[in-house]
Amino acid sequence: MNYILDELFTLLSEVEEEGPVTYGSIESKIQARNTPALALIFVSQSRLLFKYNLIRFRSINAEAMQSEPQNPTWRELGDIFRRSPVPIHLFEKVIADVETSVRNIYESNQISDAERKDIEKKMLINGSVSPKLWPAIESLLTRTLKSVREDINRATLYFHDISWIGLSDDRASDQWRKEHRLDIVRKIQVPTRSKVKRCTRCCSVMEDSAPQRGTTGWLVNMWRNC
């Protein structure tokens, strides 16, 4: 949530400084910054993943608020949500607005399922956004983001540490990756003495631990296949 909104705010600010917000100016900045943020929320598959994760985030946050006084694990989870510069409900608003705008464009222009899949495949591969979705992009940038921006501390968001997710190439992020090991599946730091398995294709690592009771099926499968 923090990475996506920080990238979108930065994208919008840079375009506004240079003139009117147009499809050409947005696409140019996306390529110059090499940012996937806009494409990720306009591709239906990744947007669906965001939606399901947000439902789970809200559930975990509610459970943490009820259980944290007696349970240190829940207290730690609650702290994660409290420290986040982006509240869950604001990111839900962004995703919901994009969902509605994109659906309206597909329906009003009678875009077939095959054409929609082609549009989204190109966005996912190229990291750019389709000009056919420009009305939805313009609505997001000029209305939704400006509304959400009023309720977020931009300085706190900018300085929030996201080096561990591996999407930044700044000096601090590079140094973090040299000094720490990140479990690519669970997105947590691997303890120094823990054994790891390394993928022979992408070279990412995951902690080599035996599945425990209650471990979800997808996680067990990912332990077997990166």
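Biologist: Does Ser84 count as buried or exposed, and at what relative accessibility?

Modeller: A residue is called buried under 20% relative accessible area, exposed over 50% and partly exposed in between, with a 1.4 Å probe and protein chains only. Ser84 has a relative accessibility of 15%, so this serine counts as buried. Please keep in mind that this is a predicted model, in which local features need pLDDT of at least 70 and side-chain atom pairs count only at pLDDT 80 or more, while totals for chains, interfaces and linings use all residues. Residues are numbered from 1 along each chain as its sequence is written, and side-chain values use heavy atoms, with hydrogens and water left out.

Biologist: Where is the place of Ser84, and with which residues is Ser84 in contact, leaving aside its neighbours within four places in sequence?

Modeller: Helices (DSSP runs of H or I, at least four residues) and strands (runs of E, at least two) are numbered from the N terminus. Ser84 sits in the loop that joins helix 5 (72-83) to helix 6 (88-108). For contact, the criterion is heavy atoms within 4.5 Å, and once neighbours within four places in sequence are set aside, Ser84 is in contact with Met1 and Asn2.

Biologist: Which residues of helix 2 are buried, and why do they line one face of the helix?

Modeller: An α-helix has 3.6 residues a turn, so residues three or four places apart point the same way. In helix 2, which spans residues 23-33, the buried residues are Ile26, Glu27, Lys29 and Ile30. Viewed down the axis of helix 2, these buried residues fall within an arc of 160° (taken over the directions from the helix axis to the C-beta atoms), so they line one face of the helix. Their cover includes helix 1 (2-18), helix 3 (37-42) and helix 8 (134-149). After helix 2 comes Asn34, whose phi is positive, near 55°.

Biologist: At what angle do helix 1 and helix 2 pack?

Modeller: Axes are lines fitted to C-alpha atoms, for helices over the stretch in contact, and angles run from 0 to 180 degrees between N-to-C directions. Helix 1 and helix 2 pack at about 125°, and their axes are 10 Å apart. Angles under 35 degrees count as roughly parallel, over 145 as roughly antiparallel, 65 to 115 as roughly perpendicular and the rest as oblique, and helix 1 and helix 2 are therefore oblique to each other. In this contact, Glu7, Thr10, Leu11, Glu14, Val15 and Glu18 of helix 1 meet Ser25, Ile26, Lys29, Ile30 and Arg33 of helix 2.

Biologist: How do the axes of helix 1 and helix 8 cross?

Modeller: The axes of helix 1 and helix 8 come within 11 Å and cross at roughly 120°, which makes helix 1 oblique to helix 8.

Biologist: What is the packing angle of helix 6 and helix 8?

Modeller: Helix 6 and helix 8 pack at about 160° with axes 10 Å apart, and they are therefore roughly antiparallel to each other. The residues of helix 6 that take part, among them Leu90, Val94, Ser101 and Ile105, meet residues of helix 8 including Pro135, Ser139, Thr144 and Val148. Ser139, in helix 8, counts as buried at 15% relative accessibility, and Ser139 touches Ser101 and Thr144, not counting residues up to four places away in sequence.

Biologist: How many helices and strands does the chain have?

Modeller: The chain has 11 helices and four strands, and buried residues make up 38% of its 226 residues.
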